[in-house]
Every structure is written in C-alpha cells, then in structure tokens.
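Colleague: I would like to learn how to read a model of this kind feature by feature, with the general idea before the particular case. Could you take me through it?

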Amino acid sequence: MNRIDRLFGILTTLQSKRHVTASQLADKYEISVRTVYRDVKALDELGIPVSFEQPKGYFIVQGYFLPPLSFTTDEANSLILMASLAEKFADRSIAKHSNSALSKIKAVLKSADKDKTNRFSDHINIYNPEPVKTENDYLIDIQASITQQIIIAIDYTDNQNVKTNREIEPTGLVFYNMEWHLIAWCWKRNDYRDFIVKKISNITCTKQPFQKKNHIKAVDFLTWYK
C-alpha cells in the first residue's frame with residue numbers, strides 16, 4: 001500500500017471510530033508506530049484536525065465536515081452482495097435501509113464504476129431453498145435498542161405456546177438454525193434468554209436506559225448456555 005492510499009485509509013478509520021490508538025493503526029496498516037506519528041502529522045498538515053486524548057487515542061475534532069467517501073468498484077460490489085443477502089435473510093425493515101444505503105453509495109461512484117456495479121447487480125441471485133419467513137419487521141427496532149441501550153417490551157410466544165410480555169435488554173442478534181435469535185437480559189426471568197425473533201408479536205420502546213451493567217456478549221451466551 002502506497003502512502004497516499006494509507007493516509008486515506010487512516011482517515012477513513014478515524015471517521016469510523018471515536019478514538020483509535022497509534023498501535024491499532026500500526027497493526028491495521030502493518031506499519032511502525034513511528035510511521036503512524038508521521039502519517040497523522042501529514043493529515044494535520046493537510047488541514048484535517050486530528051487530535052489526541054490520553055489514553056484513548058486519536059480522533060477527528062467534532063464539527064469538522066469531511067466530504068463524502070469514495071468507493072472502489074470492489075468495495076461497492078461487496079456491499080451490493082451484502083444487500084442481496086439482506087433481502088433473503090433479514091426482514092423488510094433491514095432490507096429497506098440496506099437498499100437506501102446502497103443507493104447513496106452508488107450516487108458517489110464514477111460513471112464507469114456505476115455501470116460495473118449495475119452489471120454485477122444483474123448477475124446476483126441468492127438461492128435459499130428454505131427462505132426465512134417473517135411476519136414482522138422488528139430487526140431494525142432491535143438494532144436500535146442494542147445500539148442506544150434502551151429497554152424494549154416484547155410480546156413473546158415460547159416453544160410451549162405460552163404468551164408473555166417481558167421487558168428486556170438486548171445484547172446481540174445471532175443467526176443460526178436458519179433463524180434470527182435475540183440474546184437479551186430478561187427482567188421477568190432475571191437471567192439471559194434466547195428469543196426467536198419470529199416469535200415476537202410486538203415490540204414497544206420503553207425509552208428507559210439499560211439498568212443492568214456489564215452485559216455479556218451474545219457469543220458468550222451461546223458458548224455458556226448451549
């Protein structure tokens with residue numbers, strides 16, 4: 001990777017995270033920490049206000065406007081493929097936002113690259129012999145709960161066909177056995193539970209922040225409880 005590409009890559013990384021340490025940048029771009037210092041200085045000389053906070057790392061000063069990112073054809077095609085998967089394996093709420101994001105990405109492509117990505121779109125077909133059937137569009141609400149750490153109330157029907165209303169703190173989504181599963185702390189059971197998303201019949205945002213601290217990760221739940 002030449003230096004220009006690396007500087008652009010470092011800028012993209014800084015845009016995508018609140019803080020990034022010099023060692024993280026060094027590992028990501030396979031350079032020395034000393035080189036990271038020089039590259040950050042170069043960005044600063046270009047007028048990009050990169051600041052540093054001990055011990056969190058580098059960040060771009062809030063309020064600084066950066067122009068839209070550019071994408072290579074390969075990057076755009078990768079996102080097109082992911083959007084196609086969303087159509088088959090997510091619900092309509094996710095597919096809608098995925099397609100919206102993809103339209104914005106295509107808007108910043110060069111004309112020649114747009115032609116290539118449109119050609120690629122016409123040649124993708126995801127064959128799923130047992131398509132995921134969803135009667136609701138709750139994945140986007142669950143996603144918002146996880147990222148904003150807001151408690152949600154759900155109407156849920158368990159495997160014994162018992163219906164309950166529960167307030168939960170979602171910690172992660174997992175796709176296995178051809179179904180989406182929501183891993184969450186359940187205040188009704190005072191423990192973590194694995195909820196099958198298609199068995200949720202209603203979701204209400206309580207607007208209350210999470211009360212439990214230091215939640216386990218969804219992958220840890222599956223390791224410990226399965």
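Colleague: What is the mean pLDDT of the protein, and which elements have the lowest and the highest mean?

Modeller: The term pLDDT stands for the predictor's confidence in each residue, on a scale from 0 to 100. Where pLDDT is low, the predicted coordinates should not be read in detail. Here the mean for the protein is 84, and 90% of its residues reach 70 or more. The element names refer to DSSP runs numbered from the N terminus, helices being H or I with at least four residues and strands E with at least two.

Colleague: How far apart are the end C-alpha atoms of helix H4, and which of its residues are buried?

Modeller: The expected span of a helix is 1.5 Å times one less than its number of residues. Helix H4 has 17 residues (73–89) and should therefore span 24 Å, which agrees with the 24 Å between its end C-alpha atoms. Its buried residues are Thr73, Ala76, Asn77, Ile80, Ala83, Ser84 and Ala86. They cover an arc of only 165° around the axis, which puts them on the same side of H4, the arc being that of the directions from the helix axis to the C-beta atoms. Asp74 and Met82, on the other side of H4, are exposed. For these words, buried means under 20% relative accessible area, exposed over 50%, and partly exposed in between, with a 1.4 Å probe and protein chains only.

Colleague: Which residues make the nonpolar surface patch?

Modeller: Patches are made of residues with over 30% relative accessible area and no salt bridge, where like charges are joined within 9 Å and nonpolar side chains (Val, Leu, Ile, Met, Phe, Trp, Tyr) within 5 Å. Leu81, Met82 and Leu85 make a nonpolar patch of about 240 Å², and the accessible areas come from the Shrake-Rupley method with a 1.4 Å probe, only the protein chains shown counting as cover for residues. Leucine 81 lies in helix H4 and counts as partly exposed, at 35% relative accessibility.

Colleague: Where does the backbone have a cis peptide bond, and what is phi of asparagine 190 and of asparagine 214?

Modeller: Most residues other than glycine have a negative phi, and most peptide bonds are trans. A cis peptide bond, with omega about 0°, joins glutamine 54 and proline 55, and proline 55 lies in the loop between strand E1 (50–53) and strand E2 (57–60). Asparagine 190 has a positive phi near 50° and is found in the loop between strand E5 (179–186) and strand E6 (191–196). Phi of asparagine 214 is also positive, near 55°, and this residue is found in the loop between strand E7 (200–209) and helix H8 (218–225). Asparagine 214 is exposed, with a relative accessible area of 75%.

Colleague: How many salt bridges does the structure hold, and which parts of the chain does the pair of arginine 3 and aspartate 39 link?

Modeller: Side chains of opposite charge can pair when their charged atoms come close. A salt bridge is a side-chain nitrogen of Lys or Arg within 4 Å of a carboxyl oxygen of Asp or Glu, and the structure holds 5 of them. In one of these, the closest N and O atoms of arginine 3 and aspartate 39 are 3.0 Å apart. That pair links distant parts of the chain, with arginine 3 in helix H1 (residues 3–16) and aspartate 39 in helix H3 (residues 33–45), 36 residues apart. Arginine 6 also forms a salt bridge with aspartate 39, its closest N and O atoms being 2.6 Å apart.

Notes:
Residues numbered from 1 in each chain as written. Predicted model: local features only at pLDDT ≥ 70, side-chain atom pairs only at ≥ 80, totals over all residues. Heavy atoms only, no water.
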